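Reader: Hi, I have a structure open and would like to go through it slowly with you. Could we put it up here and start?

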Amino acid sequence: LTIFIPKETAQAERRVAATPETVKKLIAQGCAVRVEKGAGVESSIPDALYTDAGATIIDTAADGFSQADIVLKVQAPTDDEAAKMKKGALLACIMAPYQNANLIAALAKQGVDVFSMELVPRITRAQAMDVLSSQSNLAGYKAVLDATEHFNRAFPMMMTAAGTVPPARVFIMGVGVAGLQAIATAKRLGAIVSATDVRAATKEQVQSLGASFVMVEDDESKAAETAGGYAKEMSDAYKAKQAALIAETIAKQDIVITTALIPGRKAPTLVTAAMVKTMKPGSVIVDLAVEQGGNCELSKVGEVVDVDGVKIIGHRNVPSRLSANASALYAKNLLNLLGLVLNKDGAKDIPWDDDIIKGVALTRDGALIHPQFGGPAP
Ligand code: NAD
């Protein structure tokens, strides 16, 4: 069984789907691993390390795609890459299924089985395969560092002979995996940290990290979490109350980091243009949701916008800015998922009835099978 690891071609993508460590383990399980030349360079993994681990380096991605039984990728393939894959092959990547319906249909038609890694269910057994968590955690950390880079003040309080430097006030909006890591990172740097979320369950988590919780607490907020642990879309009345509290809070902040997402929808607008106008010059907003439509009305994908001295950071693909760690964790997530797919002889034997596989599998034997993405209802 041959596994292929291509070099990622998407804009701002520096990650790679396998590391020498995971390659070694796949080979020990009986697989042959082929890595495209230069695939790991942006994650500080030279080809020689893959060769040392037992992989074969190949020059042409086309050969890799057309001959592989399994392709491991970070981003969805291009149409050309996908078209080269053979019938019966398995593709595992962050497929962005809400945006790639046509590509997924084409892959189904070709007979390629597609696993979408961001659909790994949030259950205990799947934690080691959970790419949203592994990548969001790094993004939350990096968001704080990106804020420090554009903030022309210090984070911690400093009492010096020449006067006192006040601590920075940092406000985190959305307390999922990224938000929690952002709180912890800002605290470590000495800031005064507060946070908000629509899920009341996050209050205790925020407080346990030493930050204060800002939230409209009413009956609706008590029911704002789906059974899967995600946020629901809130009513207009709730949104108005929350906006007023947030507006008052934001005006006092130096740094605002937004991380709020709703699966399959545009990210909620939490910071309006009017709110930005109330912030002091020199303040910084980091919008981690910028690629999903943005939590801040004025953020722009891939840009640092300056609005009357307030910097609004909208970097693309923040996990990729820590590519070495992000690749290592992502590769481990994939390796753990393949643990379900490969039998002890290193052959592919997909347990289609396993809840994790049911969560990630979009296509099987030429058909769309995921109930949320074109497959039959369960
Ligand atoms: P996410 O990336 O989907 O969203 C980030 C945060 O934004 C969430 O906390 C969400 O509630 C919040 N949010 C959404 N709309 C908002 C609004 N209008 N205002 C303020 N905040 C808003 O979240 P995530 O990091 O993927 O985590 C989602 C859930 O999954 C959490 O409950 C988390 O604890 C859970 N989780 C479970 C596991 C597991 O058990 N294996 C692993 C990871 C995460």
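**Aromatic pairs, ligand and spaces**

Author: A search of the whole structure, which is a predicted model, finds four aromatic pairs.

Reader: How is a pair of aromatic rings described?

Author: One gives the distance of the centres and the angle of the planes. For phenylalanine 115 and tryptophan 352, the centres are 6.2 Å apart and the planes stand at 85°, and this aromatic pair is edge-to-face.

Reader: And where in the chain do phenylalanine 115 and tryptophan 352 sit?

Author: Phenylalanine 115 belongs to strand 6, residues 113-116, while tryptophan 352 is in the loop between helix 12 (323-341) and helix 13 (355-360). The pair links distant parts of the chain, as the two residues are 237 residues apart.

Reader: OK, switching to the ligand. How many residues surround the ligand?

Author: There are 21 residues around the ligand, and the closest are Arg122, Val177, Asp197, Arg199 and Gly229. Sorted by class, this shell holds 10 nonpolar, seven polar and four charged residues.

Reader: What does the side chain of arginine 122 have 2.8 Å away?

Author: That is an oxygen atom of the ligand, and the distance runs to an N or O atom in the side chain of arginine 122. Aspartate 197 likewise has a polar side-chain atom 2.6 Å from an oxygen atom of the ligand, whereas for glutamine 127 a polar side-chain atom lies 3.4 Å from a nitrogen atom of the ligand.

Reader: So how much of the ligand does the protein bury?

Author: The ligand taken alone exposes 840 Å², and the protein buries 85% of that.

Reader: Last topic, cavities. How many are there of 30 Å³ or more?

Author: The count comes to one cavity of 30 Å³ or more, and the largest cavity has a volume of about 40 Å³.

Reader: Which residues line the largest cavity, and how do they divide by class?

Author: The lining is made of Lys7, Glu8, Glu13, Arg14, Arg15, Ala39 and Glu42.

Note on methods: Residues are numbered from 1 along each chain as its sequence is written. This is a predicted model: local features need pLDDT of at least 70, side-chain atom pairs count only at pLDDT 80 or more; totals for chains, interfaces and linings use all residues. Side-chain values use heavy atoms; hydrogens and water are left out. On a 1 Å grid over the protein atoms alone, a cavity is a set of points where a 1.4 Å probe fits but cannot get out, and a pocket is an open set with protein on both sides within 12 Å along at least five of seven lines; lining residues have an atom within 4 Å of a point. Grid points are joined across faces, edges and corners, and a volume is the space filled by probe spheres set on the points. A residue is near a molecule or strand if one of its heavy atoms lies within 4 Å of it. A polar contact is a pair of N or O atoms within 3.5 Å; within protein, one must be able to donate a hydrogen and the other to accept it, and residues adjacent in sequence count only if both atoms are side-chain atoms. Accessible areas come from the Shrake-Rupley method with a 1.4 Å probe; for residues, only the protein chains shown count as cover. Ala, Val, Leu, Ile, Met, Phe, Trp, Tyr, Cys and Pro count as nonpolar, Asp, Glu, Lys and Arg as charged, and the others, Gly among them, as polar. Rings of Phe, Tyr and Trp (its six-membered ring) pair if their centres lie within 6.5 Å; planes under 30 degrees apart count as stacked, over 60 as edge-to-face and the rest as tilted. Helices (H or I, at least four residues) and strands (E, at least two) are DSSP runs, numbered from the N terminus.
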